[in-house]
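Welcome! Have a look at the picture below, and then we can go through some questions together.

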Amino acid sequence: MTEPWQQQAENKRRAILESIPQKWHLPPDSIPTADEQPDITGSYLHRFLERKEVEITECDATVIVQKTTSGEWSAVEVTEVFCHRAALAHQYVNCLHEFFPEVALEDARRLDTYFTTHKKPTGPLHGLPISLKDQFQIKNISATMGYISHIDQPSITESELVLLLRSLGAVLYCKTSVPTGLMSGETANNIIGYTWNPRNRHLSSGGSSGGEGALLALKGSPLGFGTDIGGSIRVPAAFNGIYGLRTSVGRIPYEGAKNSMDGQNTVLSVIGPMARSVGAVRLAMKSVLGMEPWVSDPGSLPIPWRGEVEERIKGLLCGGGEGKGKMAFGMFEHDGIMRPHPPVLRAVRLVREVLVKLGHEVIDWNPPSHAKGCSLAYDAYTLDAGHDISTQISASGEPPVTQLSWILNLPSKSQRTASEIFALNVARRRWKKAYMDYWNSTANQTSAGRPVDALICPTTIMAAALPGKHVHPGSTMFVNVLDCSTVTLPVTHVDREVDAVEAEGYDVRDYEGAPVGLQLIGRQYEEEKILVLAEYIGAALRGVDVARGDW
C-alpha cells in the first residue's frame with residue numbers, strides 16, 4: 001500500500017538530512033530564526049569552516065579550475081569542502097533535494113588517480129564541483145521536479161548535459177530545490193517546504209531555479225545549471241545577487257532533462273549556467289560548447305563558442321575599431337504593466353548614469369506591447385489547461401502549493417485544439433517580427449547609425465519576493481517569447497535609508513538587504529556579446545577603471 005503523501009514527504013526530508021555526514025549536522029536549536037539572523041551571507045558560515053575550507057569556497061570557479069587542473073588542489077579536497085558548505089546551506093535555507101557526497105567523493109578520487117597517473121587533467125572542468133537543478137537526470141538518483149509522486153524514482157539514464165559535464169571532469173554532488181512543477185517564481189513544494197533567500201531569510205530565493213540561486217549565494221557551489229521558460233534562471237539570479245544566463249534555444253543541450261508539459265514547443269525552456277561571476281558563466285559555456293553537443297543532442301545547434309565576437313566587443317568598449325568605444329543601449333524602467341518598486345527603479349537609473357558617464361548612448365525603449373508578449377507566453381504555458389501538472393500532483397494526492405493557483409485555477413479546463421495552437425504560433429511569430437523591426441529601427445536614434453547593442457531593464461518589479469507575493473513575471477516572459485540571449489546583472493541592494501520611498505504595495509522594511517539585479521538583453525544567439533557587456537558594466541559599477549581594459 002502506498003504511503004500517504006505526508007509520510008512520503010517526511011521520509012524524503014529525513015533522507016536528505018541523513019545524507020549529510022553527522023559531522024556536518026547542526027543542532028536544530030542552534031540555527032537562529034530569520035528574525036534573529038536574517039542575513040547569513042558574507043562570513044556568517046565561516047564559523048563552521050576550517051581556514052582552508054574558507055579559502056577554497058571563497059574562490060571563483062575560474063580560479064578553482066586553475067588549481068585543480070594544475071594539481072595544486074586535489075579534486076577530493078575541493079569536492080569535500082563544497083559538500084560541507086552545501087550541507088550547511090541546506091540546513092539554513094532548504095535548498096537541496098538530492099545530496100550525494102559519498103558518490104561525489106568517489107568520482108573525485110577517480111579524477112585524482114587519473115591526474116596522478118597521466119600527469120594531466122581529464123578536461124577543463126577537472127575537479128570542479130557543479131550543482132544542478134532537480135530537473136536533470138543523474139543515474140540512480142531521483143529527479144522530482146518538486147513532485148511527491150516522483151520521489152524514489154531513480155533515473156536509469158542521464159541527461160545529455162550531465163554526460164558532457166562528466167566528460168569535462170566536473171564532479172556532481174547535489175541537486176537543488178525547485179517549485180512543484182517548475183512553474184513558479186518562488187521555490188515552494190510539499191517535499192521540503194520553502195527555499196529562503198540567504199540575504200534575507202524572510203524573502204524568497206526565487207524560482208524555479210531557486211535552490212541553485214540560494215546555494216550559489218551561500219558559496220555552497222562554485223557553478224550551477226538551471227533552466228528558464230519564463231524567468232526561472234534570471235529571477236533567482238536577481239533575487240540572490242548572482243549572474244544567470246538565459247541562453248537562446250539550442251545553445252545548451254536539453255536532451256534527457258525532465259520537464260513539465262514536455263512537448264510544448266511554442267515557448268521552449270532553455271538551460272543556462274548560474275554563478276557568482278561572468279567568468280564562471282563563460283567557463284561553463286566554453287567548456288560545454290567545446291564538446292560539440294550538437295553531435296549527440298537533436299535540439300542543439302552547431303554554434304561553437306565564438307571568441308572573435310568577444311574580442312570585437314571588447315575592442316569597441318575599449319575604444320578600438322569603428323565606433324570609438326561608444327555603444328548604444330536601450331533602457332526602460334516600466335514595461336507598461338506594473339511599476340517596479342523604488343529599489344529596482346534606482347538600479348535602472350544607476351546603470352543609466354554609469355553608461356552615460358562612460359560615454360555610451362542610452363535611448364528610451366518603446367517597443368511593441370509587452371503585455372501582448374506576456375499574453376502569448378501565458379497562452380503557451382496553459383495550452384494543456386494545467387493537465388500535466390495536475391496529473392503529477394494527483395498521482396500522490398498531495399495538495400497544490402498556492403504558487404500554482406495561476407495555472408491550476410484557470411477559467412477553462414479545456415485544452416487547446418491543434419488549430420488554436422497553430423494560431424498561437426502565428427501570433428508569436430508576428431509579434432516577434434514586430435519587435436525585431438522596432439529593434440532595427442533604433443538605428444535612426446543612435447549616432448553610429450546602427451541599432452542598439454543591448455537592452456537593459458528590470459528583471460522583476462521587486463528586489464526579492466515575500467512568500468506568496470511574487471507577481472508579474474512579464475519583464476522576463478517577453479524575453480522567452482523573443483528567445484533573446486539574456487544575463488542577469490547584480491547591481492545593488494535594498495537600503496532602508498536610501499529606498500525608504502512611499503509606493504503602492506511596497507514597504508522598504510520588508511525587503512531590506514535584498515539584492516537587486518537587472519536584465520541585460522541581446523538578440524538571439526548573442527551570449528558571447530552580452531557576457532562581455534555584463535562584465536564591463538559590472539566592473540564599472542564596482543568602480544573599476546574599465547578604460548584600461550583589464551576588467
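Q: How many residue pairs in polar contact does the rule find across the interface of domain 1 and domain 2?
A: A polar contact here is a pair of N or O atoms within 3.5 Å; within protein, one must be able to donate a hydrogen and the other to accept it, and residues adjacent in sequence count only if both atoms are side-chain atoms. With both residues at pLDDT 80 or more, the number of such pairs across the interface of domain 1 and domain 2 is 38.

Before going on, please note that this is a predicted model, where local features need pLDDT of at least 70, side-chain atom pairs count only at pLDDT 80 or more, and totals for chains, interfaces and linings use all residues. Residues are numbered from 1 along each chain as its sequence is written, and side-chain values use heavy atoms, leaving out hydrogens and water.

Q: Which helix gives the most residues to the side of domain 1 that touches domain 2?
A: Helices (H or I, at least four residues) and strands (E, at least two) are DSSP runs, numbered from the N terminus. Elements that give two or more residues to this side include strand 7 (200–204), helix 8 (234–240) and helix 9 (278–289). With six residues, the one that gives the most is helix 8.

Q: What is the area buried between domain 1 and domain 2?
A: Buried area is the accessible area (1.4 Å probe) that two parts lose on being put together, summed over both. Carbon and sulfur atoms give 57% of the area between these domains. The total is about 4,800 Å².

Q: How many salt bridges does the rule find across the interface of domain 1 and domain 2?
A: A salt bridge is a side-chain nitrogen of Lys or Arg within 4 Å of a carboxyl oxygen of Asp or Glu. The side chains of Arg251 and Glu528 meet in one, at 2.7 Å from N to O. A search of the whole structure finds 34, and across the interface of domain 1 and domain 2 the number is five.

Q: How many residues apart in sequence are the parts that Glu58 and Lys219 tie together?
A: The side chains of Glu58 and Lys219 meet in a salt bridge (2.7 Å, N to O). Glu58 lies in the loop between helix 2 and helix 3, and Lys219 in the loop between helix 7 and strand 8, so the pair ties together parts whose separation in sequence is 161 residues.
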